[in-house]
Amino acid sequence: MTVVRRPDEEGLRRAAEILRAGSVVAFPTETVYGLGADAFTESAVAEIYRLKQRPSWNPLIVHVADVAAARALADVWPAAADELAARFWPGPLTMVVRRARHLPGIGAANDTVAVRVPAHDVALRLLRECGLPLAAPSANRSESISPTTAEHVRRSLPDVPLILDGGPCAWGIESTVVDLTGPVPVLLRPGALGLRELRDVTGTIGLPSSATADGTARPSPGMSRRHYAPRARAVLVPDVSDLSDLPPDAGVLTHEKAPYQGGAAKLEILSADPREYAADLYAALHRLDDAGVSTILIQSPPGSEEWLAVRDRLSRATAV
Ligand code: TXA
Ligand code: MG
């Protein structure tokens, strides 16, 4: 049974106690809720994999309170990491660097570690209170929609002992993941932090082969094709304005001002601004699932770079 608590002093103290005892706690970040555990205690990390039913080959991001704590996990800390950290941490950027040799791998037989400093007061206070680097994937069952509220976590992972409720997440989409182990930074997962912002600091960013204007690259082990998926069958459509033969229990998700007049059982109209759209996307998919629709017709988002992360998530949500 889960306990949902306010992140007051007592809630944080209790959460830190659970983490130090080697168990898991769900906590808010600025992107999505994370399911945290002591990153370098094998049994604690194993509990994350068990609760999420996450494939064992998919490594976890380690959350730390500041740059010094991140460096301590790295064997090599490249200049680009310093520059990116100075500009974007705390914030929705995850950097993959070579892992310090004395540390074990986190869920994968690699020699790297993915780290980030979250920009959320509750996450930072929790990190300081427990004094541990926290491995934390999104706090949902593997492949389902990421949680942007404590209630989403409770429903997806009813066996988590404690959820700290910090309200809805501001970004609502996961961090951008960049690999800094090679000569040029490489984008592993598009996310909250835009490519343009990254390029302002690093210059070139490698987009993994077969370029990714369509957001389909997946060199990050966790970037499986079907992911972030609602229970309902989700389908991308070029235009929702003239949908005919809609099943009576279909839902529609669009992002323009009332382009759809038909009789969908449930209609979600999101902002036409990519950042606002991303912030509400997972919550909208959760609402559509809650309404019990069998199918979700999703209007394809624009092809421009600002929509890269949204297109990536939608292409995975609709993969079969
Ligand atoms: O915004 C976020 O990043 C959220 C919050 C909780 O911080 N976390 C999150 O974690 O999205 P998760 O586990 O759902 O996604 C982690 C991604 C996966 O695609 C995984 O394959 C990749 O990061 N990753 C982790 N460690 C890696 C490594 N050493 N090398 C390459 N990719 C790695
Ligand atoms: Mg996830």
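**Backbone features, a helix pair and a pocket**

Gln 53 lies in the loop that runs between α2 (42-52) and β4 (61-63). In this predicted model, phi of Gln 53 is near 55 degrees, a positive value in a residue other than glycine. Most residues other than glycine have a negative phi, and most peptide bonds are trans. A cis peptide bond is found between Trp 89 and Pro 90, with omega at about -10 degrees. Pro 90 belongs to the loop between α4 (79-88) and β5 (93-98).

Two packed helices are described by the angle between their axes and the distance between the axes. Helix α1 (residues 9-20) packs with helix α5 (residues 121-130) at an angle of about 55 degrees, and their axes are 9 Å apart. The angle makes α1 oblique to α5. Their crossing is right-handed. From α1, Leu 12, Arg 13, Ala 15, Ala 16, Leu 19 and Arg 20 take part in the contact. They meet Val 122, Arg 125, Leu 126, Glu 129 and Cys 130 of α5. By class, the contact of α1 with α5 has seven nonpolar and four charged residues, but no polar ones.

The second largest pocket holds about 410 Å³ of space. It is lined by 22 residues, of which Gly 191, Ala 192, Leu 193, Gly 194 and Glu 306 are the closest to its centre. Helices α7 (195-202), α8 (274-290) and α9 (308-317) each supply at least two residues of this lining. By class, the lining of the second largest pocket has 13 nonpolar, three polar and six charged residues.

Note on methods. Residues numbered from 1 in each chain as written. Chains lettered and ligands numbered in written order. Predicted model: local features only at pLDDT ≥ 70, side-chain atom pairs only at ≥ 80, totals over all residues. Heavy atoms only, no water. Axes fitted to C-alpha atoms, helices over the stretch in contact; angles between N-to-C directions. Helix = DSSP H or I, 4+ residues; strand = E, 2+ residues; numbered from the N terminus. Parallel < 35°, antiparallel > 145°, perpendicular 65-115°, else oblique. Left-handed = near helix turned anticlockwise from the far one by under 90°. Contact = heavy atoms within 4.5 Å. Nonpolar A, V, L, I, M, F, W, Y, C, P; charged D, E, K, R; others polar. 1 Å grid on protein atoms, 1.4 Å probe; cavity = no way out; pocket = protein on both sides within 12 Å on 5 of 7 lines; lining within 4 Å. Points joined across faces, edges and corners; volume = space filled by probe spheres on them.
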